[in-house]
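User: Hi! I am new to protein structures and would like to learn how to read one. Could you take me through it feature by feature?

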Amino acid sequence: MMREQLTESDVKKIQEEIDHRKLVVRKEAIEAVKEARAQGDLSENFEYYAAKKEKNKNESRIRYLERMLKTAKIVTDTTKSDEVGLNNIVEIYFEEDEETETYKLVTSIRGNSLDNKISIESPLGKAILRHKVGERVMVKVSDTVSYPVIIRSIKSAGGEEEDQIRSF
C-alpha cells in the first residue's frame with residue numbers, strides 16, 4: 001500500500017470528515033435502518049436494504065480514512081518562496097508542444113489532472129518541485145522517455161484549501 005503524503009491541513013480535513021461521519025452520518029444511518037426494519041417484512045423491504053447499504057458505505061469510508069491517517073506520511077513544504085512548492089500555481093511551458101499550461105502542485109491525495117492539479121509524486125510534480133522561474137527542467141516519465149519544460153511563473157495559491165479529499 002502506498003503511503004499517502006498529507007499536509008497538516010489534509011489531516012485536519014480528514015479528521016473532520018471522520019468525526020462528521022461518526023457523529024452525524026452514522027446516527028442517521030442507524031435511524032434509517034431502524035425505521036425500515038419497523039416496516040415489517042424484510043424480504044421485500046427495499047428501504048431496509050438501501051438503508052443497510054448506506055450504513056455500510058459510511059462505515060467503510062470511516063475505516064478507509066482512519067487507515068489513511070494511520071499510514072500517512074506528513075509532509076511540510078520546505079521550499080523557499082521563489083521555488084515551486086506545495087499549493088503553488090505554476091505556469092509551465094512545454095517546449096515540444098509549444099504550449100503553456102498552468103498547474104497547481106498538491107499532495108498525492110489531492111492530485112487530479114482533470115482539474116489541473118498535479119501531485120508532487122507525479123513525474124511532472126517531482127521534476128518541477130524546488131525549481132525557480134526560468135529554469136528548464138527535464139521531466140522523466142520512464143527510463144527511456146523524458147521531455148523538457150520551462151517554469152514560466154510561480155504564484156502562491158493563498159488561503160487554505162477547500163477541496164474535498166479524493167474518495168475511492
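Predicted model: local features only at pLDDT ≥ 70, side-chain atom pairs only at ≥ 80, totals over all residues.

User: How many helices and strands does the protein chain have?

Analyst: Helices (H or I, at least four residues) and strands (E, at least two) are DSSP runs, numbered from the N terminus. Here the protein chain has three helices and seven strands. Along the sequence they follow the pattern β-α-α-β-β-β-β-α-β-β.

User: What does "buried" mean, and how much of the protein chain is buried?

Analyst: Buried means under 20% relative accessible area, exposed means over 50%, and partly exposed is in between (1.4 Å probe, protein chains only). In this protein chain of 168 residues, 36% are buried. One example is Val106, in strand 4, which counts as buried because its relative accessibility is 0%. Folding also brings residues together: Val106 and Ile120 are 14 residues apart in sequence, with their C-alpha atoms 6.0 Å apart in space.

User: How do I read a helix, say helix 1?

Analyst: Start with its span: the expected value is 1.5 Å times one less than its number of residues. Helix 1 covers residues 8-38, which is 31 residues, and reaches 44 Å from first C-alpha to last, close to the expected 45 Å. Then look for a bend, the angle between axes fitted to the seven residues ending at a residue and the seven starting there. Helix 1 bends by about 40° at Arg21.

User: Which residues of helix 1 are buried, and what covers them?

Analyst: An α-helix has 3.6 residues a turn, so residues three or four places apart point the same way. The buried residues of helix 1 include Ile14, Ile18, Ala29 and Val33. Their cover includes strand 1 (5-6) and helix 2 (46-71).

User: What is a nonpolar core, and which residues have the most contacts inside the largest one?

Analyst: In soluble globular proteins, nonpolar side chains tend to be buried together. A nonpolar core is a set of buried Ala, Val, Leu, Ile, Met, Phe, Trp, Tyr and Cys residues joined through side-chain atoms within 4.5 Å. The largest one here has 17 residues, and Ile92, Leu124, Ile128 and Val149 have the most contacts inside it. At least two residues come from each of strand 3 (88-94), strand 4 (99-106), helix 3 (123-128), strand 6 (136-140) and strand 7 (146-156). A second, separate core has eight residues, including Ile62 and Met68.

User: How many aromatic pairs are there?

Analyst: Rings of Phe, Tyr and Trp (its six-membered ring) pair if their centres lie within 6.5 Å; planes under 30 degrees apart count as stacked, over 60 as edge-to-face and the rest as tilted. The whole structure has three aromatic pairs. The rings of Tyr48 and Tyr49 are edge-to-face because their planes are at 80°, with centres 5.4 Å apart. Tyr48 is buried at 11% relative accessibility, whereas Tyr49 is partly exposed at 47%. Phe94, Tyr103 and Tyr147 form one aromatic cluster.

User: Where does the charged end of Arg152 sit?

Analyst: A charge sits over a ring if NZ of Lys or CZ of Arg is within 6 Å of the ring centre and within 35 degrees of the ring normal. The charged end of Arg152 sits over the ring of Tyr93, 4.2 Å from its centre.

User: Last one: what should I look for in phi?

Analyst: Most residues other than glycine have a negative phi. Glu98 lies in the loop between strand 3 and strand 4 and is exposed, with a relative accessible area of 64%. Arg130 has a positive phi near 70°, and its place is the loop between helix 3 and strand 6.

Notes: Residues numbered from 1 in each chain as written. Heavy atoms only, no water. Contact = heavy atoms within 4.5 Å.
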